[in-house]
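Reader: I would like a close look at one part of this model, the place where the two chains meet. Please describe what builds the contact and then follow it to single residues.

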2 protein chains.
Amino acid sequence: MRLGELSERSGVSTATIKYYLREGLLAPGRQINATTAEYGEDHLRRLRLVRALIQVGRVPVANARQALKHVDDDSLGLTMRLGAALWELPQGPEPDEADPATAAARAQVDRLLAELGWESAREIGALSPVHRSLVGLVALLIRLGYPCDAELMAPYAQLMHAAARLDLDRMETYASDTEKVELAVSSAVLFEPVLRALHRMAQEEESARRYGIV
Amino acid sequence: MRLGELSERSGVSTATIKYYLREGLLAPGRQINATTAEYGEDHLRRLRLVRALIQVGRVPVANARQALKHVDDDSLGLTMRLGAALWELPQGPEPDEADPATAAARAQVDRLLAELGWESAREIGALSPVHRSLVGLVALLIRLGYPCDAELMAPYAQLMHAAARLDLDRMETYASDTEKVELAVSSAVLFEPVLRALHRMAQEEESARRYGIV
């Protein structure tokens, strides 16, 4: 398809598509003459992902470019490719090592992973910004005087593990590794807010069941 | 305690405490003479909550003031008091009624609630910004070409219901309704990011188990 059709089918203006092409967020089309390029279904799919990242997720262009580079990097195994792509997305606060609450928080996160038997998460922990961000968040709660320890987090972590199994089952319905990683990245931006809304709605439902509506 | 001790124990500067007092986010202390007021443990607790909302959750001051008004409103039943306080917090996108994806999304959310038997969430739905925000998010996914229907959401909603039961069990360990609502509000701001980090970490763990680490 030509640029005009790509714009129409994606709902992204031609000016924005040209900007994404210049920024290297979208691969160039197949040049058919000096002024015209041809685009395929993979361009359309990638364009949706770029829009999800930039326009909806407000991910900075530099981070989006890095994430997409990892999406396309088939030299890595699937776990590291997923990790590398997702780790470019905005994370929670970095832990403040000067704060004594950080050491307490790290001890609780370590204990949590040990109790859950999450051996791989422990192993990846030294690399993973997700691990650092969890330590930072738990430290913040401790500093503000809200208790947050391994016992409190464990049952929630089990539920999140069940959610992760559903995520990966869904991912496996896609044929190529590139499409799998694309789904994971778009889900992190678009589906996490759905999960949060479902959580808040479940709180309303459960609260009404326990205490009535009025 | 005096202002200085309140500042020291909360880690909030006296200038910021005075600002919160002026903005009506914190009740005045008991005046013991023209220049000195006395503060209690309830001031300390409220100060932590205000800091969680404003400094950590980046909740606008006007929203925080409204949320706290509902926290203190003991004329309402617990469900509506919780709802009113939580509904002041930032939500997802408002649905665009002019977009045909919105009608499709609303139909999926209605079907989801019917299938789950979430009668109260359906009943509160017309009032609840959480319901509107879920419709807006699902419409966004549909518009971007990512399928999101009742079948896909149902197992996630069940997991979130289990999380909501844990939330409310924890809330019930607090004696007063005011403390219960305070915990719910602080959790929405501080614990939701922990849940998101646990979800991402569970994805890393599950991915490593299925596909290896390298």
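**The contact between the two chains**

Author: About 8,000 Å² is buried between chain A and chain B, and carbon and sulfur atoms account for 67% of that area. The model is a predicted one. The contact draws on 83 residues from chain A and 83 residues from chain B.

Polar pairing across the contact comes next. Between chain A and chain B there are 38 residue pairs in polar contact, both residues being at pLDDT 80 or more. The count of salt bridges between chain A and chain B is 8. One salt bridge links B:Arg200 with A:Glu192, and its closest N and O atoms are 2.9 Å apart.

On the chain A side, at least two residues each come from helix H3 (41–56), helix H5 (78–87), helix H6 (100–116), helix H7 (119–125), helix H8 (129–143), helix H9 (150–171) and helix H10 (177–211). H10(A) gives the largest share of the side of chain A that touches chain B, with 24 residues. By residue type, that side of chain A divides into 49 nonpolar, 16 polar and 18 charged residues.

Chain A has 10 helices and 2 strands, and from the N terminus on its elements run α-α-β-β-α-α-α-α-α-α-α-α. The C-alpha trace of chain A spans about 65 × 45 × 30 Å along its principal axes. Of the 214 residues in chain A, 53% are buried. Among contacts in chain A between residues at least 6 apart in sequence, 64% join residues at least 24 apart. An unreviewed UniProt entry annotates residues 1–70 of chain A as "domain: HTH merR-type". That span is 61% helix and 6% strand, and the C-alpha atoms at its ends lie 26 Å apart.

Now to a single residue on the other chain. B:Trp87 belongs to helix H5 (residues 78–87) of chain B. The side chains of B:Trp87 and A:Glu204 are joined by a polar contact of 2.8 Å. Apart from neighbours within four places in sequence, B:Trp87 is in contact with A:Glu204 and also with B:Ile124, B:Leu127, B:Ser128, B:Pro129 and B:Val130. B:His70 is 17 residues from B:Trp87 in sequence, and their C-alpha atoms are 9.9 Å apart.

The helix that holds B:Trp87 is mostly covered, with 9 of the 10 residues of H5(B) buried. Among the buried residues of H5(B) are B:Leu78, B:Arg81, B:Leu82, B:Leu86 and B:Trp87. The cover over the buried residues of H5(B) includes H10 of chain A, together with helices H4 (61–71), H7 (119–125), H8 (129–143), H9 (150–171) and H10 (177–211) of chain B.

B:Arg46 sits in helix H3 (residues 41–56) of chain B. B:Arg46 counts as buried because its relative accessible area is 10%, and the cut-off for buried is under 20%. The side chain of B:Arg46 makes a polar contact of 2.9 Å with the side chain of B:Asp72. Leaving out neighbours within four places in sequence, the residues in contact with B:Arg46 are B:Leu25, B:Leu26, B:Leu68, B:Val71, B:Asp72, B:Thr178 and B:Glu182.

Technical notes
Residues are numbered from 1 along each chain as its sequence is written. Chains are lettered from A and ligands numbered from 1 in the order in which they are written. This is a predicted model: local features need pLDDT of at least 70, side-chain atom pairs count only at pLDDT 80 or more; totals for chains, interfaces and linings use all residues. Side-chain values use heavy atoms; hydrogens and water are left out. UniProt positions are given in the numbering used here, feature names are shortened, and annotations may be inferred rather than shown by experiment. Helices (H or I, at least four residues) and strands (E, at least two) are DSSP runs, numbered from the N terminus. Contact means heavy atoms within 4.5 Å. Buried area is the accessible area (1.4 Å probe) that two parts lose on being put together, summed over both. A salt bridge is a side-chain nitrogen of Lys or Arg within 4 Å of a carboxyl oxygen of Asp or Glu. A polar contact is a pair of N or O atoms within 3.5 Å; within protein, one must be able to donate a hydrogen and the other to accept it, and residues adjacent in sequence count only if both atoms are side-chain atoms. Ala, Val, Leu, Ile, Met, Phe, Trp, Tyr, Cys and Pro count as nonpolar, Asp, Glu, Lys and Arg as charged, and the others, Gly among them, as polar. Buried means under 20% relative accessible area, exposed over 50%, partly exposed in between (1.4 Å probe, protein chains only).
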